[in-house]
Amino acid sequence: VSASKTIAVLLAAMLAATPSLGLNEVDDAVARLLVAARAGNDQNAAEAASSVIGFGDSAVSKLLDGISARTPSEIAWSLRCLRAIRTSRARDVAFAMCAHAYASVRAEAAILAGTIGGEAAVPLLIKASADRDATVRRRAFDGLVQTGSVAPELVAVATQGILDADTWIVVDSVMILDRIPASPDISGDRVLAAVSAAVGRLDDHNAAATLDLVVRRAGIHSGPLLMKALDAKKPAVVVEALDAAARLRLASAVPKVSRLAKSSDRRLAKAAIDCLARINDSSTIGFLVDLLEGAKDAELMDAIAVALRKMTGQLFGTDVSGWRKWLASR
Amino acid sequence: MHTTAASNAGAAGRDRHPRHERGAALVTGLLLATVLLGGVAGSYVLASAFDASASRTARSEAERDAEAGIRVAIGEMHSGLDSGTDGLGNVTSAAARDRSLLVRRTDLGGDLHRLVATASVKRASKTVEVVVEKKRGPALSWVPRAAITTKSPPDRRAPPEDDANDWNAAGTAILMAADKPAESLPASPDALFGLPPGGLRAAAIASGTYYASQALFEAAVRTKREIPGGCIIYLDFETWAPADLGKTFNAVPSVIVHHDASKPRTAVNPRGMFRGLLVCDSLVLADELMLVGGIVSFAPAGTGNAFWAGNASVRLSSAVLRDLPSPRSSEFVRIQATDGGARP
């Protein structure tokens, strides 16, 4: 009896000790994380964070306890762990920290809010998207992507985002606009209208992604917007618009593209010639032969020869008389 | 009437066989004529045969010369070195009095050229016409089915998201959700692309994108604000810290190789934006990284590979990985050949 009593006592002691051992491990892991964060050692902090995240939900309370009193670096690492654990218990803290004095904290809070806050986080994130700190803005847009929201007010924010100097924000913004459902009547589509209004402000780092979005979203209905982009002042935007027009084989763009093919800007002229070849309107063959005859630039002559070959399958290269004879014999 | 006996005898004889003698002469004459005619005809036949044979030989030599001329022209275009002073792809040769070669190149645009070679040997000539295209060597191709593929199981956290979907080349839209099968990797990056050992390194050296130090590489990135596009970049230094990939995407996908089989390399905190394939060993942290394409880590177990803790986003894009650069130089290939005729 005494032996069984002893075993029972030992088992009870072990069972009682198990949770506390687990808690101690969590405490230790969080303590290591905070020490590394305070010391500013990102590599050690990341390793400690990896352990903390491994505890999952059981680490949440410890991460949240007294979080406001911690240093900015400690808070940032705590928020990172909470994001990886994806706990909704951190929602209020995340929302509150979006207004923290330190940018590093606001940034982590924004992405955490977006990850766990859903629609409720959208107003906060819209505010954060105009933060003075570039990293906070980035995380705010990341957060907006994470929410999966299609709130109407996001159209304006994301349209502003595609004009941001940070390519990261451009990519996020295109993703946000991309998931907003298109109107059944595409001519009344809010996204298309907003992008159309911003076309004049596109540049080389956002034109490709934006016009790709437009083509995927509206197909042939994006013609008017692309015509507007073909008139843009920045050559990089016109080049992307030419590519988009070629993807759609936009016949209505031919007169404008033909004018661009005569441009003194070689890059623009080459893109326009390529666009004509891809649209492949047979009425432009004669125009290209005329253009070849007057061309002096070897690269342009090459581009025209390639365009003519693609359109006709004929191998006259830069031989204008050959092309003329062939045109006459058709 | 006086006659001698002999004359008489002769006369008698002539009188005896006059038709006989005339026949013999005729036969002899005919024979002689036949022999003479035969001789003349034989000589003519022999001369003709000799001439035909010489002509065939000359024509065949002309054909060989024309073909050789085409090869010389292609060689000039390939090397960029003009063997004469008549322009790349043009060959003019009149080495011997009765032998000449002329190759003329016409640019058909878009790396397509027509070469017309006319060779003359004695009285024979041959024209060969070919259309050649400058073709890029086969491109690197390896499309995994997950954003990050590691040779050994990652010893720490893998990226939390984005690794199962196939994105467009802009990194803005998911084209399809990809599977995440166990991917087995070959022994080395070279083997990954079916290249001989050192193939990637040699390709980078050839394209001027081999960097023996981080400073040299950073200078190249700084100049453009982005990673050089459309090339194989070989980083031949041990620790890449901080691993800065530039502020905006490279327009054309590239391959970055930072690997050493004998002593695994470490890329510390890669950040920035990159379109292409990052072939590495150990990745320590990854923050503020947006990569469209893929990452493959050859780090052996226990070296801390594929560790993620920050705001990295790695998006698998088969569209990008199918558009990787070629490790081989361009070559000219014949795409059309025409027999331009022969004379005589």
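This is a predicted model: local features need pLDDT of at least 70, side-chain atom pairs count only at pLDDT 80 or more; totals for chains, interfaces and linings use all residues.
Helices (H or I, at least four residues) and strands (E, at least two) are DSSP runs, numbered from the N terminus.

Two packed helices are described by the angle between their axes and the distance between the axes. For helix α12 (residues 207–218) of chain A and helix α14 (residues 235–248) of chain A, the angle is about 25 degrees and the axes lie 9 Å apart. That angle makes α12(A) roughly parallel to α14(A). Here, axes are lines fitted to C-alpha atoms, for helices over the stretch in contact, and angles run from 0 to 180 degrees between N-to-C directions. Angles under 35 degrees count as roughly parallel, over 145 as roughly antiparallel, 65 to 115 as roughly perpendicular and the rest as oblique.

Helix α14(A) also packs with helix α16 (residues 266–279) of chain A, at an angle of about 10 degrees and with the axes 8 Å apart. These two helices, α14(A) and α16(A), are therefore roughly parallel to each other. Their contact divides into 12 nonpolar, no polar and four charged residues. Among them, α14(A) contributes Pro235(A), Val238(A), Leu242(A) and Arg247(A), while α16(A) contributes residues including Arg267(A), Leu268(A), Cys275(A) and Ile279(A).

Elsewhere in chain A, Lys127(A) sits in helix α7 (residues 122–128). Its relative accessibility is 66%, so Lys127(A) counts as exposed; buried means under 20% relative accessible area, exposed over 50%, and partly exposed in between (1.4 Å probe, protein chains only). Between the C-alpha atoms of Lys127(A) and Val157(A), which are 30 residues apart along the chain, the separation is 9.7 Å.

Turning to chain B, its secondary structure consists of six helices and 17 strands. Of the 344 residues in chain B, 44% are buried. Among contacts in chain B with a separation of 6 or more, 56% join residues 24 or more positions apart.

Residues are numbered from 1 along each chain as its sequence is written, and chains are lettered from A and ligands numbered from 1 in the order in which they are written. Local features need pLDDT of at least 70, side-chain atom pairs count only at pLDDT 80 or more, and totals for chains, interfaces and linings use all residues, while side-chain values use heavy atoms, with hydrogens and water left out.

Terms used:
Contact means heavy atoms within 4.5 Å. Ala, Val, Leu, Ile, Met, Phe, Trp, Tyr, Cys and Pro count as nonpolar, Asp, Glu, Lys and Arg as charged, and the others, Gly among them, as polar.
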